[in-house]
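Open the model in your viewer and keep the selection tool at hand. We will go from stop to stop, with something to pick out at each one.

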Amino acid sequence: MTQHASTSRTGLAATAFGVTPTELVSAVCAFRGRPVPGPGLAADLVDRTFTALDQVPLDVRLYVHDLQDTAEKWPALPITLPPTPWQAATLVDDLAELVTALPAAELREAAEGMALTRGEVSLAYDEPVLARGWADVDEPLPDATASPQERRDREAELLRMFDHVDPHDWAPEQSDAVRKALLIRLAGLGDALLRVSALPPAPLDWQAGCDRLTAQLPVPGAPYPLEAHVAAEPVEPHLFTSWDDPVWGSTERTPSRECWRWSVGWRSANGVFHTDARSTETSAAAARFGAEQTLTAYGAKAQTVRQLLRYRLLVPRQPDTLSMSDPAVQVLGLRPLLEAVCDEYRTEANRPGSAIGWRVVPHQDENKECSLVAILLDDCSLPCPELGDPANTADPADAAFENFLRSHAVLLTPPARAYLAGLSQAGPGELSLRRRHEAAMRSVFDIGGEAADLLAADTGPLPDGMVWIDLLDAAALEKFLAATEPDQPR
């Protein structure tokens, strides 16, 4: 790898973990849920791996990820979305050089020092690209059509061969399996190092209770703190009871199979916790770190963070001071509302004979059923009042309703405001979508003498042969939307 001047990644990661650089390997291995490598060749390979990562320039470190995924497909590139960055492929090439030339005896020494498991070696042996990667022999590739039992039998036979065959007598595919397993292990440790050094968070005060760990991060201006949960999840034992045992060496170093889930979010007015981000990790340390890292990232952009699915701001705004210069502002025009109405018309058409009634308030009832207004706003990826919110019973024509939207940095154009307010003009209770839509459109037409200009600016001009009153009809509305596709501010 080309040499670059860079701040030491080892130093960055050590700071993230609160340890000295000499303790870094132990910390990263714990983070990854792997045993610490023994002295000698294993420790040297890990040290050289970290040195290779240290040489990555600062300006490209954030673009390097999924080293292990790349290693599992090496020398081919994995098909991923988004595509695997070229830096990851280049780094895995460098890591492969660390083990490519190792003879069988040294492969055996490194594998024992790193406590490679029987499962890791078996999976590496089953990788079809393996024979093309290192073994320059004319051996048939593993049969991709083999049954699960046939594959398990082949894996078991391979591992029995490792138990009784001296490394000097290994077949090429055995050497390649150990070599590939070593590369994947090194790449996995590299992923952990890259991750912990990318954004070192401030450790949180974790509290234990209810079979999980909980921590909070207060955010200025937010009514509720950011919250993180970490909990262990059950892991099904592998079919082979020895799958997690080291191929060589003492089984006392065998790590237990673990899975830890972390989640980050914040609570609503009724106290319910809503998850905004989550993931699973192989160790409790990694799960805590993942949650802390996410909270740190959220805290850094707190003013613009919107909650996934509910679309609410972490830091609400003062409705009377909201301006277009606010970086979180979203403008709702009439066209997205009409597109959402068309979606509901299509849903009804696909359920012939079903009579559906649509209410306007409350926006969410005790059974979590939503009003027409809530459904339309959700289709537009915008928030709506919920059970427990003061505005939950506010008519869309009321100032309390629009203030709720403004508190979450949502501004309405005049036609959109008129449409939402007009949905209740059809009457109370549960009415048909046709009646509610017609009443809302008539409210739009009544907003003033410049209605036509406002509509054209909000939805796009009418096609030839159509007048605005036609939009009361569902079929004409769909035809209009299909014929005009203006760029709308959102």
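This tour of a predicted model visits a sheet, a helix pair, the cores and a loop.

**Stop 1: the sheet.** Select strands E1 to E5. They form an open sheet in the order E1-E2-E3-E4-E5, with antiparallel pairing. E1 (207-209) and E5 are the edge strands; each has a single partner strand, so one side of each is left without a neighbour in the sheet. On average, neighbouring strands are turned by 25° against each other, direction ignored.

Now zoom in on E1 and E2 (residues 212-217), an antiparallel pair with three bridges. Here alanine 208 stands opposite leucine 213 in E2.

**Stop 2: the hairpin.** Move to E4 (residues 260-267) and E5 (residues 273-281), which run antiparallel and are joined by eight bridges. Pick glycine 265 and you will find its bridge partner in E5, threonine 275. Five residues lie between the strands of this hairpin, where glycine 271 takes a positive phi near 85°.

**Stop 3: two crossing helices.** Select H3 (residues 41-54) and H6 (residues 104-113). Their axes come within 7 Å and cross at roughly 80°, which means that H3 is roughly perpendicular to H6. Show side chains at the contact: Leu41, Ala42 and Leu45 of H3 meet Glu106, Glu109, Ala110 and Gly113 of H6. By class, this contact has four nonpolar, one polar and two charged residues.

**Stop 4: the cores.** Which residues have the most contacts inside the largest nonpolar core? Select Leu45, Val99, Val178, Leu182 and Leu183; the core they belong to has 50 residues. Elements giving two or more residues to this core include H3, H6, H10 (172-198) and H11 (284-300). The largest share, 13 residues, comes from H10.

Center on valine 178 and look around. Leaving aside residues up to four places away in sequence, valine 178 touches Leu107, Ala111, Leu116, Phe162, Trp170 and Trp248. Then jump to a second, separate core of 44 residues, with Leu337, Leu338, Ala440 and Trp468 among them.

**Stop 5: a loop residue.** Finish at histidine 168, in the loop between H9 (148-164) and H10. Is histidine 168 buried or exposed? Its relative accessibility is 66%, so histidine 168 counts as exposed. Finally, select alanine 105 too: the C-alpha atoms of histidine 168 and alanine 105 are separated by 6.7 Å, although the two residues are 63 residues apart along the chain.

Methods. Residues numbered from 1 in each chain as written. Predicted model: local features only at pLDDT ≥ 70, side-chain atom pairs only at ≥ 80, totals over all residues. Heavy atoms only, no water. Axes fitted to C-alpha atoms, helices over the stretch in contact; angles between N-to-C directions. Helix = DSSP H or I, 4+ residues; strand = E, 2+ residues; numbered from the N terminus. Parallel < 35°, antiparallel > 145°, perpendicular 65-115°, else oblique. Contact = heavy atoms within 4.5 Å. Nonpolar A, V, L, I, M, F, W, Y, C, P; charged D, E, K, R; others polar. Pairing = 2+ DSSP bridges. Core = buried A, V, L, I, M, F, W, Y, C linked by side-chain atoms within 4.5 Å. Buried < 20%, exposed > 50% of the residue type's maximum accessible area, 1.4 Å probe, protein only.
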